[in-house]
Amino acid sequence: MNTVLHKSEHNISHITLNRPDRYNAMNKEMLLELLNVLDEVEKNDDKVVILSGSGKAFSAGGDIGMMTEFSDKAYYEEVMKTIESVVLKLYMMPKIVISAIHGSAVGLGLSLALTADYVLAEADSKLGLLFIGIGLAPDGGGHFWLRERIGTQKAKQFAWGMQQVIGPEAKAMGLVDIVANNEVAEQAKKLAEKTLSSPVTAMLKTKMMYHNKNIDELKYYLENERKAQWDLRNTEDHQEGVDAFLNKRKPQFMGK
């Protein structure tokens, strides 16, 4: 089964994360497949991209099984650099990108959703970074997206708070642009069609003016997130967080 689906219809590229049995948690193979799909989409003639998830969620983030393999530095570097490539590819995509969130978008899943030019979410969807719940800092550019959307002070507190917010709360914070009043897939399609009837070339000039200016800052965050995660994976708090998650219990962090 393909873990990432792609189809092109009426000048819209639909990219769907497709591990529904795992709530679209991303493992190494899925990340590589996503990067390959993004390479294809970048080169096609479509003007709009819709990023969504199959099944009951947008994405539960990074697959915890993948994280248990991070003791191998070469494996870790490959995965993290693939994440960086995916994020940069989405951020610099010469098309209008729309994220359509239903269910949960947490951890790396939320970072991925926030790469978009428009972020749509269903009212009962749940958004959170939650990295701190396993003793880690955000990655996938999470620091950059939060600072861009809600400012540094609120970004810190949201990253630290282990909180999940539903669609209307996320919109009030600035994490989400539109709360879908029906199925988010349908509303994303309507927004894509409206965009296609707009002067998209002019819109993309504005997009790239901002993104070309900010690309070095995003790269800074991605590089330092990669370094931070490698350091944090050796902490007692991270080991405790992962063990608590796997055994479905509340972690007992010691700040070590």
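Predicted model: local features only at pLDDT ≥ 70, side-chain atom pairs only at ≥ 80, totals over all residues.

Me: How many helices and strands are in the chain?

Reply: Helices (H or I, at least four residues) and strands (E, at least two) are DSSP runs, numbered from the N terminus. Here the chain has 10 helices and nine strands. Its radius of gyration is 17 Å, close to the 18 Å that the globule rule gives for 256 residues, so the chain is as compact as a globular protein of that length. That radius is taken over C-alpha atoms, and the rule is 2.2 Å times the number of residues to the power 0.38.

Me: What order do the strands of the open sheet take?

Reply: Two strands pair if DSSP finds at least two bridges between them. In this model six strands make an open sheet, ordered 1-2-3-4-6-9, with mixed pairing. Strand 1 (4-9) and strand 9 (178-180) are the edges, each pairing on one side only.

Me: And which strands does strand 4 pair with?

Reply: Strand 3 pairs with strand 4 in the parallel sense over four bridges, and I50 stands opposite I98 in strand 4. Strand 4 also pairs with strand 6 (residues 118-122), again parallel and over four bridges; there, A121 in strand 6 is the bridge partner of I101.

Me: Which way do the side chains of strand 4 point?

Reply: In a regular strand the side chains alternate between the two faces of the sheet. In strand 4, I96, I98 and A100 point one way, V97, S99 and I101 the other, and all are buried. Buried means under 20% relative accessible area, exposed over 50%, and partly exposed in between (1.4 Å probe, protein chains only). Of the 256 residues in the chain, 52% count as buried.

Me: Is R226 buried or exposed?

Reply: R226, located in helix 9 (residues 200-232), is buried, with a relative accessible area of 14%. Contact means heavy atoms within 4.5 Å. Leaving aside residues up to four places away in sequence, R226 touches Y76, E77, M80, K81 and E84.

Conventions:
Residues numbered from 1 in each chain as written. Heavy atoms only, no water.
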